[in-house]
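Okay, everyone, thanks for coming.

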Amino acid sequence: MHSTFSNMHLLQRNISYYTAFLSRSMHLLRDQAYVNGKWIGGRKNETFPIYNPADQSVINNVPDMDVEDTKLAINAASQAFKSFNETTAKERSDLLRNWYNLMVEHSEDLAKILTKENGKSITESKAEIKYGNSFVEWFSEEARRIDGEILQTPIANRKLFLYKEPIGVAALITPWNFPHAMITRKAAAALAVGCTCVIKPSEETPLTALALADLAEKAGFPQGIINVITTGLKNSPAVGKELCENFDVKVLSFTGSTNVGKILYKNSASTVKRLSLELGGNASFIVFDSADLDIAVHGAMASKFRNSGQTCVSANRFFVHSSKFDQFIEMFLSRIKSEIKMGDGSKKGVTHGPLIKESQLNMIHALVTDAVEKGAKVHCGGTPLPELGPLFYAPTLMTDVTKDMQIYSKEIFGPVAVIHKFETENEVIQSSNDTSVGLAGYFYSQDISQIFRVAKQLEVGMIGVNEGIISTAEAAFGGVKESGLGREGSRHGVDDFLQIKYLCLGNIKYH
């Protein structure tokens with residue numbers, strides 16, 4: 001079986017490199033799903049449009065696949081697992097490295113597709129592609145470092161072993177805000193250990209996922225190993241339920257809202273399915289009195305306004321010590337006005353694009369309006385920007401927000417910074433932890449004792465100290481409380497796709 005796989009892999013790898021050599025500007029925009037090594041439509045031949053959020057033009061139409069289509073993808077992945085499970089770590093590492101090399105080669109193409117369907121600036125898209133690619137590179141290397149254990153035995157004529165084995169078919173449900181990186185972070189880990197994948201991208205951003213499948217095919221992945229199903233709003237709930245309840249799916253990895261995560265958690269109970277959930281955040285951003293304000297404001301710009309505030313680790317609640325409050329506001333406002341240029345992300349000089357959809361814009365504006373009506377102060381922004389397009393919202397900075405305002409405790413997921421004043425360390429830690437979620441947190445201090453005190457007390461899975469951008473393939477990404485289960489990236493990123501098998505070898509005759 002190994003030789004069959006290796007020969008097929010070698011042939012497909014050679015073909016892929018020849019194809020890439022012939023056309024360095026490969027067109028990756030697809031309008032079909034990818035199941036069992038074939039580009040197909042749904043069985044009912046229904047489609048749904050993918051809109052460019054910058055101007056609401058239709059980029060492409062893709063299949064609106066239903067539960068029966070999903071079962072076909074699961075069956076394909078289940079059959080493919082029987083052989084993929086037998087591959088060596090070196091073979092899987094080589095496949096992932098081929099995929100990574102093609103992603104790097106076609107980074108420009110991927111970034112253009114990402115900007116078209118997500119709306120973020122081309123500069124941000126290129127950064128996401130580089131970031132997402134890094135997970136494939138990382139797990140191509142990590143594939144060869146997944147080792148079992150030999151245990152000490154209490155009985156002389158026994159040997160005890162722990163094997164780490166791939167769990168089976170992995171269902172990956174990914175969000176619209178990072179349509180490249182959220183797939184690669186999950187799929188590369190699953191593939192590294194020998195799992196096969198059924199990927200369900202967001203209905204807003206499936207085109208990046210299909211482009212990745214195109215490159216995976218050219219990288220030499222045999223049929224059924226990677227499958228991408230596209231579903232519109234009508235079919236998404238039922239398809240998600242099928243991925244949860246189908247016995248052949250052994251692990252489900254989801255990135256998205258806490259509310260949807262809880263639904264998937266509940267639906268997965270019937271099969272006692274392994275779950276990896278990266279859910280909502282409500283990150284605090286604390287500026288202590290010893291902070292370097294230049295560094296803090298730089299971090300605030302990156303953490304708050306990246307992807308127009310539409311990130312799960314975005315700074316959501318700013319707490320600034322009273323001695324630094326006025327100066328921080330002044331410096332932050334200056335940077336917002338001088339550095340942010342909104343518009344169509346594909347245009348030169350644009351730094352920030354639109355929100356992803358109308359419901360997102362309406363929700364954010366409703367939060368701002370409610371706060372203003374109850375006495376909050378708007379220092380800049382606070383309004384949509386229809387002159388730029390239907391989904392643009394002005395970068396906004398607010399103060400005087402109180403607990404009776406909806407925006408005080410809600411994850412905003414948009415370009416709105418709410419700044420609170422605080423006096424003591426204990427006070428701000430209590431305020432920071434006063435939420436049911438705990439994904440990321442940030443704080444700025446030059447006091448080394450304070451750094452270790454606060455880091456220990458913050459109830460989050462990830463902390464940036466004097467740093468606003470913390471995500472990297474080498475580090476474990478994930479949260480505590482209702483922000484989810486498990487970790488992605490790092491050497492721990494493979495854990496959710498592995499199961500441990502214990503082998504007791506007894507009655508060994510030494511003499």
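Axes are lines fitted to C-alpha atoms, for helices over the stretch in contact, and angles run from 0 to 180 degrees between N-to-C directions. Helices (H or I, at least four residues) and strands (E, at least two) are DSSP runs, numbered from the N terminus.

Housekeeping: this is a predicted model, where local features need pLDDT of at least 70 and side-chain atom pairs count only at pLDDT 80 or more, while totals for chains, interfaces and linings use all residues. Residues are numbered from 1 along each chain as its sequence is written, and side-chain values use heavy atoms, with hydrogens and water left out.

So, look at helix 10, residues 293–305. Helix 10 lies across strands 12, 13, 15 (396–399), 16 (416–422) and 18 (440–444), and runs at about 165° to strand 12.

Those strands belong to an open sheet of seven, in the order 14-15-16-13-12-18-19, with mixed pairing; two strands pair if DSSP finds at least two bridges between them. Which strands stand at the edges? Strand 14 (377–380) and strand 19 (462–465): each has a single partner strand, so one side of each is left without a neighbour in the sheet. Neighbouring strands of this sheet are turned by 25° against each other on average, direction ignored.

Zoom in on strand 12, residues 283–287. Five bridges join strand 12 to strand 13 (residues 315–321), and the two run parallel. Phenylalanine 285 sits opposite phenylalanine 318 of strand 13.

Now the charges. We've got 23 salt bridges in the structure, each being a side-chain nitrogen of Lys or Arg within 4 Å of a carboxyl oxygen of Asp or Glu. For burial, buried means under 20% relative accessible area, exposed over 50%, and partly exposed in between (1.4 Å probe, protein chains only).

Lysine 120 and glutamate 128 form one of them, with the closest N and O atoms 2.6 Å apart. Are these two buried or exposed? Lysine 120 is buried at 3%, and glutamate 128 is buried at 2%.

Over in helix 2 (residues 67–84), glutamate 68 and lysine 71 are three residues apart, about one turn of the helix. Their side chains meet in a salt bridge at 3.5 Å, N to O. Glutamate 68 is partly exposed at 35%, and lysine 71 is partly exposed at 30%.

Last one: Arg185, Lys186, Glu278 and Glu488 are linked in a network of salt bridges.

Methods:
Contact means heavy atoms within 4.5 Å.
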